[in-house]
Amino acid sequence: MNTNTRALADVAAERARQINVEGWTIEHDNRHSCNEIPIAAACYIIAEPDDEVVPGAWPWAAEYWKPKSRRRNLVRACALILAEIERLDRIADAADEGGA
């Protein structure tokens, strides 16, 4: 598998943007323990390009719904999934440290 692709680079850049521009820090992500992050990703996955209608499942305020092109929505969704995986890894790492 080629791990040096434009798609992976774009997802990494989007994740960095979410943290550095939007301010969605690790601490912020840790507070979302009721599947909000993967639900938001799912909303972007199924969104029509530039759809202004906020999905009923969208877990946050309408002002944070910012769909773009199909590809851009998928990149955002992947970055959100990455954020959720990182959050779960932090929980597992903390449990491992607590049990050691």
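Q: Quick one to start: is D96 buried or exposed?
A: D96 counts as exposed, at 55% relative accessibility. Keep in mind that this is a predicted model.

Q: Where is D96 found?
A: D96 is in helix α4.

Q: And which surface patch is D96 part of?
A: A negative one, which D96 forms together with D89, D93 and E97.

Q: OK, salt bridges. How many does the structure hold?
A: There are 9 salt bridges in the structure. One of them pairs D29 with R15, with the closest N and O atoms 2.7 Å apart. That pair links distant parts of the chain, as D29 is in helix α2 (residues 26-30) and R15 in helix α1 (residues 6-20), 14 residues apart.

Q: Is D29 buried or exposed?
A: D29 is buried, because its relative accessibility of 4% is under the 20% cut-off.

Q: What about R15, buried or exposed?
A: R15 is buried too, with a relative accessible area of 5%.

Q: Switching to E22. Which side chain does E22 meet in a salt bridge at 2.8 Å?
A: That's R17, with the 2.8 Å taken N to O. E22 is partly exposed at 27% relative accessibility, and R17 is partly exposed as well, at 24%.

Q: Which residue forms a salt bridge with E22 at 3.7 Å?
A: K66 does, the 3.7 Å being between the closest N and O atoms. This pair links distant parts of the chain: K66 is in the loop between α3 and α4, E22 is in the loop between α1 and α2, and they are 44 residues apart. K66 itself counts as partly exposed, at 31% relative accessibility.

Q: Which residues do the shared partners join into one network?
A: E14, R17, E22, K66 and R72 are joined by salt bridges that share partners.

Q: Now R76. What's the nearest side chain of opposite charge?
A: E14, 4.2 Å away. R76 is buried yet has no salt bridge, because a salt bridge needs the nitrogen and the carboxyl oxygen within 4 Å.

Q: So what does R76 touch?
A: Leaving aside residues up to four places away in sequence, R76 touches E14, R17, Q18, Y44, K66, P67 and K68. R76 is in helix α4.

Q: Last one: where is P49 found?
A: P49 is in the loop between α3 (36-46) and α4 (70-99). P49 is partly exposed, with a relative accessible area of 43%.

Q: And what does P49 touch?
A: K68, S69, R70 and N73, not counting residues up to four places away in sequence.

Key:
Residues are numbered from 1 along each chain as its sequence is written. This is a predicted model: local features need pLDDT of at least 70, side-chain atom pairs count only at pLDDT 80 or more; totals for chains, interfaces and linings use all residues. Side-chain values use heavy atoms; hydrogens and water are left out. Helices (H or I, at least four residues) and strands (E, at least two) are DSSP runs, numbered from the N terminus. Buried means under 20% relative accessible area, exposed over 50%, partly exposed in between (1.4 Å probe, protein chains only). Contact means heavy atoms within 4.5 Å. Patches are made of residues with over 30% relative accessible area and no salt bridge: like charges are joined within 9 Å, nonpolar side chains (Val, Leu, Ile, Met, Phe, Trp, Tyr) within 5 Å. Accessible areas come from the Shrake-Rupley method with a 1.4 Å probe; for residues, only the protein chains shown count as cover. Lys and Arg count as positive and Asp and Glu as negative; His and the chain ends are not counted. The place of a charge is taken as NZ of Lys, CZ of Arg, CG of Asp or CD of Glu.
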